[in-house]
Amino acid sequence: MKRYKILFKGRVQGVGFRYTSKMLADKLNLTGTVENLSNGDVECFIQGTDEKIDEFIRALKNQRNIKISSFDKNEAKLVDSESSYKIIG
């Protein structure tokens, strides 16, 4: 089990990114949070297996309206009490 903080850049706001990420996270049994930032980026904390997290990122990159130009993925501390994936804001 791993947890990552991922900062997505590109056309990631106003295109259903947060709702799509929630749908994918729920489908893959991942937990975490997703939030729009004031600079136009999206910050995501995602927790699960590396395999499922990689699948989550691949699926987001393949969405029709979402255009991820780059993303930074950094390992974060696990949150054992987390039980779902939530949209913030």
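This is a predicted model: local features need pLDDT of at least 70, side-chain atom pairs count only at pLDDT 80 or more; totals for chains, interfaces and linings use all residues.
Start by selecting the hairpin of strand 2 and strand 3, which has five residues between the strands, and click on Gly 40, where phi is positive, near 100 degrees. Residues are numbered from 1 along each chain as its sequence is written, and side-chain values use heavy atoms, with hydrogens and water left out.

Next, show strand 2 (31-36) and strand 3 (42-48) together. Strands here are DSSP runs of E with at least two residues, helices are runs of H or I with at least four, and both are numbered from the N terminus. The two strands pair in the antiparallel sense over six bridges; pairing requires at least two DSSP bridges between the strands. Pick Gly 32 and you will find Ile 46 as its bridge partner in strand 3.

Six of the seven residues of strand 3 are buried, meaning under 20% relative accessible area with a 1.4 Å probe and protein chains only (exposed is over 50%, partly exposed in between).

Move on to helix 1 (residues 17-27) and color Phe 17, Arg 18, Thr 20, Ser 21, Leu 24 and Ala 25, which are buried. They lie on the same side of the helix because they cover an arc of only 160 degrees around the axis, taken from the directions from the helix axis to the C-beta atoms. Turn to the other side and Tyr 19, Met 23 and Lys 27 are exposed. Just after helix 1, stop at Asn 29, with its positive phi of about 60 degrees.

Finally, which residues have the most contacts inside the largest nonpolar core? Select Phe 8, Phe 17, Cys 44, Ile 46, Phe 56 and Leu 60, out of 22 core residues. Such a core is a set of buried Ala, Val, Leu, Ile, Met, Phe, Trp, Tyr and Cys residues joined through side-chain atoms within 4.5 Å. Helix 2 gives the most to this core, with five residues. End on Phe 8, whose contacts (heavy atoms within 4.5 Å) include Phe 17, Cys 44, Leu 60 and Ile 68, leaving aside residues up to four places away in sequence.
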